Amino acid sequence: MSAPAPSSVLLEPKSIAGSGVGNDPLVLLELIQRLKVRDVMTTELATVPRSAPLCDVQELMRRKKISGVPVEEDGRFFGLVSIDDIIRALGGGYINDPCSKHMTTKLVVLEDDMPISFALRYFNRYHYGRFPVLNRDRRLVGIICQRDINRVLLVELSKELNRLEMASGKSLDQDGVSELYLMREFTVCKYDFENAGKAANEIKRLLQDRQLPPKLIRRIAVAAYELEINLCVHSDGGMLSCQIAKGKAEVVARDAGPGIEDVEWACRDGTSTANEWIRSLGFGAGMGLVNVKRVADEFEVKSKKGSGTTVRAAFTVTGAA
Amino acid sequence: MKLRDIIDACGLEPVLVPDAEAEVSSAYTSDLLSDVVAHCTEKSVLITVQNHKNTVAVCTLVGAPAILIAHRREIPADMQEAAAREGVALLHTSDSQFAASCKVGSVLGIDPR
């Protein structure tokens, strides 16, 4: 069985020392799938009402050093005045006209919960400098340009690099012997039942290869499976990782939303927010987090409604090869 | 006991049997995959109506060598492909989960009392 694609980072003592990790483009692919347009877009918008004269828009552009101004009233989006519209107005002698007469109304817009991979495709396809961003209620919530994406990607890549460097730094003890046996991360996509369970099985195989005690492997695999299914069923997609270092194994599931309203309730046996369709597939029995808690030596859930969830299950490793 | 012996003794219909000599020592009956993950022991036959490829993934995870689909529910092609890939046997019976559990349990000599 192959691991769910794209599996992102494989850290083992050999590869930490080498350059393989840094060259892995899958880290970037994972980021552009995980990050949403709303994580990147500018939300502090300079907007004008339909009645605003184009000369006011011109002045706003000069003051704010921007090249496009959305036309909106009470969140309702009507169009966009671009710098090209202003140049044409100056040439045509109608710079005092209201912007409603000359604004661009045939626009391509993005939705705030689209992954930024989608936004990048749009930038390539349409060659516009920016896209207005609407929410599910079709209200204007932001504007996105390629510079926004580059900025956030650089920040996130830098974080990822720091994380990898930290893992690399921890991997050598005083004798120069690696203490980090294994780290593996998998991307888990929402409702991807085609691949559900594959990451957990891959983790199980890796642990078997390292000849960990079978009972411990089973416990770690159970936690990995349940957390993988939770990501698939309940999150907007996320990452499942397994790391073994310093006599401890950790399985961590991270996602960027939608968050758990009541963590205590979610950790009770039999409670689930899964719908009938998911239940018909044998999931959503409300046993997932309970199972993880049962098998793990340490169990921790961090979540906030509207943001992400991180679940960590840790195991004391004895008898590792 | 060998998987072949259980198939013969219970009159099960083999749909896909990658290894008839696989060792079977127990059985577990459930349609909830988290329940299977939590309680199904290694070398068990899983008796279920859950005719989905994720059932194969769960059996691989817990080390169960065979899935017995009750009520002769259709086994989709992608489930068969997954089972072939993972070396998990797929069996059919027209019995209910309860009747199938009784038969398999009896052949295995399991007395839960």
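The model is predicted: local features need pLDDT of at least 70, side-chain atom pairs count only at pLDDT 80 or more, and totals for chains, interfaces and linings use all residues. Residues are numbered from 1 along each chain as its sequence is written, and chains are lettered from A and ligands numbered from 1 in the order in which they are written.

**Figure 1. Overview of chain A and chain B.**
Chain A has 12 helices and 11 strands, while chain B has five helices and five strands. Helices (H or I, at least four residues) and strands (E, at least two) are DSSP runs, numbered from the N terminus. Along its sequence, chain B follows the pattern α-β-β-α-β-α-β-α-β-α. Of the 321 residues in chain A, 36% are buried; of the 113 residues of chain B, 48% count as buried. A residue is buried if 20 or more other C-beta atoms lie within 10 Å of its own, exposed if 12 or fewer, and partly exposed in between, with C-beta atoms placed from the backbone. Two residues are in contact if their C-beta atoms, placed from the backbone, lie within 7 Å. Among contacts with a separation of 6 or more, residues 24 or more positions apart account for 63% in chain A and for 48% in chain B.

**Figure 2. The contact between chain A and chain B.**
Chain B contributes 17 residues to this contact and chain A contributes 19 residues. On the side of chain B that touches chain A, helix H2 (33-39), helix H3 (53-62) and helix H4 (77-86) of chain B each supply at least two residues. H3(B) gives the most to that side, with six residues. By class, the side of chain B that touches chain A has seven nonpolar, six polar and four charged residues. Here Ala, Val, Leu, Ile, Met, Phe, Trp, Tyr, Cys and Pro count as nonpolar, Asp, Glu, Lys and Arg as charged, and the others, Gly among them, as polar.

**Figure 3. Packing of H3(B) and H4(B).**
The axes of H3(B) and H4(B) come within 8 Å and cross at roughly 20 degrees. H3(B) is therefore roughly parallel to H4(B). Axes are lines fitted to C-alpha atoms, for helices over the stretch in contact, and angles run from 0 to 180 degrees between N-to-C directions. Angles under 35 degrees count as roughly parallel, over 145 as roughly antiparallel, 65 to 115 as roughly perpendicular and the rest as oblique. The crossing of H3(B) and H4(B) is right-handed; a crossing is left-handed if the near helix is turned anticlockwise from the far one by less than a right angle, and right-handed if clockwise. B:Lys53, B:Val56 and B:Thr60 of H3(B) make the contact with B:Asp78, B:Met79, B:Ala82, B:Ala83 and B:Glu86 of H4(B). By class, this contact has four nonpolar, one polar and three charged residues.

**Figure 4. Packing of H8(A) and H9(A).**
H8(A) and H9(A) pack with their axes 8 Å apart, at an angle of about 160 degrees, so they are roughly antiparallel to each other. Their crossing is right-handed. In H8(A), A:Ala199, A:Ala200, A:Ile203, A:Lys204, A:Leu207 and A:Gln208 meet A:Ile217, A:Ile220, A:Ala221, A:Ala224, A:Tyr225 and A:Glu228 in H9(A). By class, the contact has nine nonpolar, one polar and two charged residues.

H9(A) is mostly covered, with 18 of its 21 residues buried. At 1.5 Å a residue, the 21 residues of helix H9 (residues 214-234) of chain A should span 30 Å, which agrees with the 30 Å between its end C-alpha atoms; the expected span is 1.5 Å times one less than the number of residues. A:Asn201 lies in helix H8 (residues 198-209) of chain A. A:Asn201 is buried because 21 other C-beta atoms lie within 10 Å. C-alpha to C-alpha, A:Asn201 and A:Val222 are 9.5 Å apart in space and 21 residues apart in sequence.

Most residues other than glycine have a negative phi. Phi of B:Lys43 is near 60 degrees, a positive value, and B:Lys43 is partly exposed, with 18 other C-beta atoms within 10 Å. Phi of A:Lys65 is near 55 degrees, also positive. A:Lys65 lies in the loop between helix H4 (54-64) and strand E2 (68-73) of chain A. A:Lys65 counts as exposed because it has 6 C-beta neighbours inside 10 Å.
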